[in-house]
Amino acid sequence: MTLNMKVEAMNKFHTFEIPTVIKHGIGAVMQVGAEVKKLGVTKALLVTDPGIYQAGVTNPVVESLQEAGVEVAVFNKVEPNPPVRLVAEGSKLYAEENCNGLVAVGGGSSMDTAKAIGVEATHEGTVLDYEAAEGKKPLENRIPPLTTIPTTAGTGSEVTQWAVITDEEREFKFNTGGPLIAAHLTIIDPELHVSMPPHVTAMTGVDALAHAIECYTMKFAQPITDAVALLAIEYAAHYIRRAFADGEDLEARYGMAQAAMLAGLSYGSESAGAAHAMSQTLGGIIPVAHGQCVAAMMGPVMEYNWKGYPEKFARIAKAFGIDTSGMTTEEAAKASVNWMYQLVEDLEIPSLEEQGVSPDMIERLAKEAMKDPQTVGNPRDLNEKAYNWIYKRCFQLTPKTV
Ligand SMILES: [Fe+2]
């Protein structure tokens, strides 16, 4: 029942490319120096955020680089929803310090900032000139050797071919990307994830799950992204509550780190859907935490979407661990929606209202979401009215249908 492909998917000329070498293991961070040196880097710009830096999470990375004879310059100013001006500041430091490589340690914001600095280091103009949009320039050059070291299990940016940067003037988060922007290497060490507090584990974990679900069900999904997305869903569903309840459960941390990376392989090659179109446009207007915002939207989005691809939503129910043997396809698909609502509740994800979003904004937010390119691939057709309905469900202003 999972093999009925969409016509849209079969008509598309697909690519699946992994420019990133993936290395992982408990304690893998000790290998960073030797691995970065192999990439030919003699001076690296370490790109991270102040919290990670002050907590000492970057210390073993810096030590390993220095032991291998790689010099390190530090750019520790990354902020959530990284804006164009932050990228410019990092690029300036990269040039002043004569760096020839990048090492990003952190979540999606740090990894995306490093990618964008890489774009500016190898191209004329600013990263804004290379927005993935009509009338903008395509990337022409490979960024300098970039190593990504994720400290959350969420964005999958360690392996994706995208950076999401905020244009503060337009109040808009834009994408730039393609194979030229992907990291050369990622080192995934679940030990770096044990210090993540439960609410961060929750929001980043549901974000990873959302990448896999949205990519698996999108109209243009291809079998190879389906393969990685489905396993990402299984791992995340199996481990997310454990990682939330006990941050030091290394098996759960390992499983979630793999889930995020696998989801990133799917999301990074194809696209997502309504939850990411909504959260990305909302995030350009209000500085919400991306994963938390996606997590609050996932139940309503799945409630809207299951009718667009019931067989795949039924398959997701199985991947969640639900016994669907006595269920019809429709019942199993609806069960997947209710499972997501329950997960978001169990993980104590704040509602959109609690995140500072007012229901008065629904009209505007629905309009904005339509502008996001991820709207196109959503499994069920979207228009402003549909986005209005999903947002109303987020605020519980309209009854639940499953
Ligand atoms: Fe996301």
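**Close-up 1. Helix 8 has a kink of about 40°, centred on tyrosine 239.** This view, like the others, comes from a predicted model. Helix 8 covers residues 223-245, which makes 23 residues. From the first C-alpha to the last, helix 8 reaches 34 Å. That is close to the 33 Å expected at 1.5 Å a residue.

**Close-up 2. Four side chains coordinate the iron ion.** Which residues supply the donor atoms? They are Asp207 (OD), His211 (NE2), His276 (NE2) and His290 (NE2). The distances run from 2.1 to 2.2 Å. Along the chain, the donors follow the spacing D-x3-H-x64-H-x13-H. Histidine 276 sits in helix 10 and histidine 290 in helix 11 (residues 290-305). These two are 14 residues apart, and the pair links distant parts of the chain.

Why is the arrangement of the 4 donor atoms called irregular? The angles they subtend at the iron ion range from 90 to 171°. A tetrahedral site needs all its angles between 85 and 135 degrees. The arrangement is irregular because of the angles, which reach 171°.

Close-up 3. The cut-off for buried is under 20% relative accessible area.

**Close-up 4. Helix 10 is mostly covered.** How many of the residues of helix 10 are buried? The count is 12 of 12. Among them are Ala274, Met278, Gln280, Leu282 and Ile285. His276, which also coordinates the iron ion, is on the list of buried residues too. The length of helix 10 can be checked as well. At 1.5 Å a residue, the 12 residues should span 16 Å.

**Close-up 5. Strand 6 and strand 7 form a hairpin.** Strand 6 covers residues 162-167, and strand 7 covers residues 172-177. The two pair in the antiparallel sense over 6 bridges. Tryptophan 162 stands opposite glycine 177 in strand 7. Strand 6 is mostly covered, with 5 of its 6 residues buried. Between the strands lie 4 residues. Glutamate 171 is in this turn. Glutamate 171 has a positive phi of about 50°, although it is not a glycine. Is glutamate 171 buried or partly exposed? At 34% relative accessibility, glutamate 171 counts as partly exposed.

**Close-up 6. Asparagine 81 has a positive phi of about 50°.** Asparagine 81 is not a glycine. Where does asparagine 81 lie? It lies in the loop between strand 3 (71-75) and helix 5 (84-96). At 12% relative accessibility, asparagine 81 counts as buried.

**Close-up 7. Alanine 369 has its place in helix 14 (residues 362-371).** Alanine 369 is buried, with a relative accessible area of 0%. Tryptophan 389 is 20 residues from alanine 369 in sequence. In space, the two are 13 Å apart, C-alpha to C-alpha.

**Close-up 8. An unreviewed UniProt entry places a domain feature at residues 201-393.** The entry names it "Fe-containing alcohol dehydrogenase-like C-terminal". The span is 70% helix and 0% strand. Its end C-alpha atoms lie 25 Å apart.

Conventions. Residues numbered from 1 in each chain as written. Predicted model: local features only at pLDDT ≥ 70, side-chain atom pairs only at ≥ 80, totals over all residues. Heavy atoms only, no water. Donors = N, O, S within 2.8 Å, 3.2 Å for Na, K, Ca; no water. Tetrahedral: all angles 85-135°; square planar, octahedral: opposite > 155°, others 65-115°. Buried < 20%, exposed > 50% of the residue type's maximum accessible area, 1.4 Å probe, protein only. Pairing = 2+ DSSP bridges. Expected span 1.5 Å × (residues − 1). Bend = angle between axes of the 7 residues up to and from the residue. UniProt positions renumbered as here; feature names shortened; annotations may be inferred.
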